[in-house]
Amino acid sequence: MTSTHPAVELDGLTKSFGALTAVDGLSLRVRPGEVVAFLGPNGAGKTTTIDMLLGLARPDAGTVRILGGTPDDAVAHGRVAAVLQTGGLLKDLTVGETVEMSSHFYRHTRPVAEVLERAGIADIAGRVVGRCSGGQQQRLRFALALLPDPDLMVLDEPTTGMDVEGRRDFWQALRRDARAGRTVIFATHYLDEADAYADRIVLVRQGRIVADGTTAEIKNLAAGRTVRATLPGADQAALAALPGVDAVEVRGDSVLVRTGDSDALARHLLTRTAARDVEITSRNLEDAFLALTTAQTGA
Amino acid sequence: MTTVSATTTRTVEPDRRLPALGGFCLGVLRIELRRVLRNRRTLAFTLIMPGVFFLIFGLPQGGQSLGNGRPVTAYVMISLAVYAAMVATTSVGGAVATERALGWSRQLRLTPLRPIAYVATKLATAMTLGLLAVVVEFLVGAAAGVRVPAYVWLLSGLAAWVGSLVFAAFGLFVGYLVPAENVMQIIGPMLAVLAMFGGLFVPVEVLPDVLQQVAKFTPVYGVGVLARAPLTGDGVSVAGVANMVCWALVFGIGAARLFRRDTARV
Ligand SMILES: Nc1ncnc2c1ncn2[C@@H]1O[C@H](COP(=O)(O)OP(=O)(O)O)[C@@H](O)[C@H]1O
Ligand SMILES: [Mg+2]
């Protein structure tokens, strides 16, 4: 809260596995208190980036600073905590024992009972971890991350494999524990999660950031509609010159126009041209996501 | 739209100092022990089986004496106590393999716990279970009528226990070598063979000559000789001490190297 450092500063982060460049010169700055979704399809490089962010993996190039220091420092002082995609739990400990044991690894933690309560697993504290469902184990990992009351919380696809209810419970638990000044970064490939829980969305594809902005801004990227019509011999240049039109594509007898003013375009097509079968579809965040995160083909 | 709303505001910055002793503490040890004692397999192999072995193989030799007049049953009991302790410490050390396979080590790397404190906890847990194994074996022996002077109980027990540190290191070594969840299935048979060469099941003297020579260089031999010395009156043999120290170094250094490789950032 008093810190003036960015919560996260990634600069030119690069990591390759053999010939594959998993993270490709990625730079990102996150302010304290921001809730950032790291959104991208599988294989986009989210986990690799998070591993470097936490100091679990060494970048080939580039630098990581978190909370003004190195990841190791932040970990050692309990200033960063994470729910990993691959972090394991000891199956033969109970839920409560797992949290209690972890609490001893810090100088000071929040009370074990409080953390169990916050993560919504107080009622299963006595259950052996091996008998817990995937969602319960994930909430246990979350409880462990809450222990040090971290300034930065990193979650790597925390709800993968959960059913709808499990996902909702998990995010409710996260919200319940939100506090002013805590920075949260979560990786996800669920668009709706990014939309619902983040202030800012960072879209990644093939190890690079392809879009970065507030949820609203990312949605604006996808604003506007697509108008489709059958219009043999369409005058592409004339259509492109109309107000609001972003792109015009002609496919055989069909024409596809992306525009911010679909009404004007439809009026034009129906009154000034021989267009028929006019269809207007709105693009949603899903489309933007797909457009931005799948490899560009042509146009 | 800020949906993750701030519901609490922290007024005091938490104590962010490093944990004392790198995170090594009795609280963790207590949970680790509880965990070990909850494992039926560990209990069977370290606390029950060696005692049963004594009843089956040691007890029928009741009435027989060693060269110095001490009972043969005590010889068997001490040998099996060494066996029990080594199985106990190896299994705790080897458990790091399970924890690595499960990804727990990775989870631990996100806490302030120092890797060296983690190893110290494992060693302390191993040695506690090792002590328990020796005590249980001795209790079974005493209950079944083994009678030796107090100093023999004490010194033999101590040697069996301290010697099992070699196997805690051995367990860690194997644990860092093979990332398998069921590492004890590999180690168990190895331990039985080593115990055989170490004269824990039958005296080394009954083995063929060549094997006797080989046996002297195997890791259990030294511990076995030293643990029985107070009983047999043979005195502390240089060969026995050298054997134990050498193997302690081999496993200790081996484990340390693998451990460093494991904690290195990739
Ligand atoms: N240890 C590894 N060895 C080889 N390739 C890897 C390794 N880790 C990740 N990759 C590859 O790097 C790319 C990015 O992976 P990852 O960071 O896990 O993506 P995400 O978390 O976004 O799904 C993928 O193509 C993946 O196959
Ligand atoms: Mg991933």
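**A close look at one serine**

Tutor: Ser79(B) counts as buried because its relative accessibility is 1% (buried is under 20%, exposed over 50%, partly exposed in between, with a 1.4 Å probe and protein chains only). This is a predicted model, where local features need pLDDT of at least 70, side-chain atom pairs need 80 or more, and totals for chains, interfaces and linings use all residues. Residues count from 1 along each chain as written, chains are lettered from A and ligands numbered from 1 in written order, and side-chain values use heavy atoms, without hydrogens and water.

Leaving aside residues up to four places away in sequence, Ser79(B) touches Gly199(B), Leu200(B) and Arg228(B) (heavy atoms within 4.5 Å).

The UniProt record, an unreviewed entry, puts "transmembrane region" features on chain B at residues 42–60, 72–98, 119–144, 150–174, 186–204 and 236–259; such annotations may be inferred rather than shown by experiment. Take residues 42–60 of chain B: that span is 89% helix and 0% strand, with end C-alpha atoms 27 Å apart. Residues 150–174 of chain B are 96% helix and 0% strand, and there the end C-alpha atoms lie 36 Å apart.

Let's turn to cysteines. Cys246(B) is partly exposed, since its relative accessibility is 46%, while Cys132(A) is buried at 8%. Over all chains the structure holds 0 disulfides (sulfur atoms within 2.5 Å).

Finally, visit ligand 1 on chain A. The residues around ligand 1 include Phe17(A), Leu20(A), Pro41(A), Asn42(A) and Thr48(A) (a heavy atom within 4 Å). Follow the backbone here: an N or O atom of Gly43(A) lies 2.7 Å from an oxygen atom of ligand 1, and one of Ala44(A) lies 3.2 Å from an oxygen atom of ligand 1. A polar backbone atom of Lys46(A) is 2.8 Å from a ligand 1 oxygen (polar contacts are N or O pairs within 3.5 Å). On its own, ligand 1 has 550 Å² of accessible area, and the protein covers 58% of that (Shrake-Rupley, 1.4 Å probe). Two elements of chain A, β2 (20–30) and α1 (46–53), each give two or more residues to the shell around ligand 1. The most come from α1(A), with 3 residues.

Note on methods: Helix = DSSP H or I, 4+ residues; strand = E, 2+ residues; numbered from the N terminus. Polar contact = N/O pair within 3.5 Å; in protein donor to acceptor, adjacent residues only side chain to side chain.
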